[in-house]
Amino acid sequence: MKTVAKILIGLLLSAAALAADLGQVQQRWAEAQYQLQGDAKEAAFAQLVKDTEGAGAADLALLTWKGIVNSSYAGAKGGLGALKYAKAAKAAFEAVIAKDASTLNGSALTSLGVLYHKVPGWPIGFGDDKKAAELLKRGLAANPDGIDSNYFYAEFLFDQGDKAAARQHLLKARSAAPRAGRESADRGRQGEISALLAKLES
């Protein structure tokens, strides 16, 4: 019985550590994404990629963020060398969606949709705007009032030339409820929303 109790306590402690790690990953991601530039940004994401390598299917939220981190590093790195990290992100998102697509309000759906939209298509990469549209819509259905789901769908619509629909989703993203513990990310995303709205109105 003592052994079982120790195992249970160990599992609880591990779960608590993972939860703490998730918050730390989110905070470090926001700092890298919105406060750093150039080589410093790339280096910060490279370190985050290393720090989230061990994330597995035992924690779908952390696995989602492993995908987000790899995707962000791919964006910061650019070029053909980034494709390795885009593929790692894709694999993480697909694993989450296969187990529970509703994890973190459908974040893996939205993030995978963004990847399909931004990664080059065949023969270089796996990009596909048809798949992007499908996934972004599913992400929006999972989180209809979310800041990210609306912003990224708006960005896709803008790139497709549908400025009226893009504006609707940007306004919805702008009025999204603040996320506890995600203040830095919310400020950064609101800046991106304002920038895209300015493009629409120019």
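**Entry 1. Ground rules.** I number residues from 1 along each chain as its sequence is written, and side-chain values use heavy atoms, with hydrogens and water left out. Because the model is predicted, local features need pLDDT of at least 70 and side-chain atom pairs count only at pLDDT 80 or more, while totals for chains, interfaces and linings use all residues. I take helices (H or I, at least four residues) and strands (E, at least two) as DSSP runs, numbered from the N terminus.

**Entry 2. H5 and H7.** Two packed helices are described by the angle between their axes and the distance between the axes. Axes are lines fitted to C-alpha atoms, for helices over the stretch in contact, and angles run from 0 to 180 degrees between N-to-C directions. I looked up helix H5 (residues 107-118) and helix H7 (residues 147-159), whose axes come within 10 Å and cross at roughly 20°. H5 is therefore roughly parallel to H7; angles under 35 degrees count as roughly parallel, over 145 as roughly antiparallel, 65 to 115 as roughly perpendicular and the rest as oblique. The crossing of H5 and H7 is left-handed, which is the term if the near helix is turned anticlockwise from the far one by less than a right angle; clockwise is right-handed. From H5, Thr110, Val114, His117 and Lys118 take part in the contact, and from H7, Asp148, Ser149, Phe152, Glu155, Phe156 and Asp159. Contact means heavy atoms within 4.5 Å.

**Entry 3. H8 and H9.** I then turned to H8 and H9, which pack at an angle of about 150° with axes 10 Å apart. H8 and H9 are therefore roughly antiparallel to each other. H8 also passes H9 in a left-handed crossing. Among the H8 residues that meet H9 are Leu170 and Leu171, and the H9 side includes Ile193 and Leu197. By class, I noted 8 nonpolar, 1 polar and 4 charged residues in this contact. Ala, Val, Leu, Ile, Met, Phe, Trp, Tyr, Cys and Pro count as nonpolar, Asp, Glu, Lys and Arg as charged, and the others, Gly among them, as polar.

**Entry 4. H6.** Which residues of H6 are buried? I found Ala132, Ala133, Leu135, Leu136, Gly139 and Leu140, where buried means under 20% relative accessible area, exposed over 50% and partly exposed in between (1.4 Å probe, protein chains only). Their cover includes helix H4 (83-100), H5, H7 and helix H8 (163-174).

Entry 5. Aspartate 186 is found in helix H9 (residues 183-201). Its relative accessible area is 11%, so aspartate 186 is buried. Leaving aside neighbours within four places in sequence, aspartate 186 is in contact with Ile147, Pro178 and Arg179. Alanine 89 lies in helix H4 and is buried because its relative accessibility is 0%. Alanine 89 is 23 residues from lysine 66 in sequence, yet their C-alpha atoms are 7.0 Å apart.

**Entry 6. Loops.** Where is proline 123 found? I located proline 123 in the loop between H5 and H6, and the peptide bond to it from tryptophan 122 is cis, with omega near 10°. In the loop between H4 and H5 I checked leucine 104, which has a positive phi of about 50° although it is not a glycine. Asparagine 105 lies in the loop between H4 and H5 and has a positive phi of about 60°. Leucine 104 counts as partly exposed at 32% relative accessibility, and asparagine 105 counts as partly exposed at 47%.
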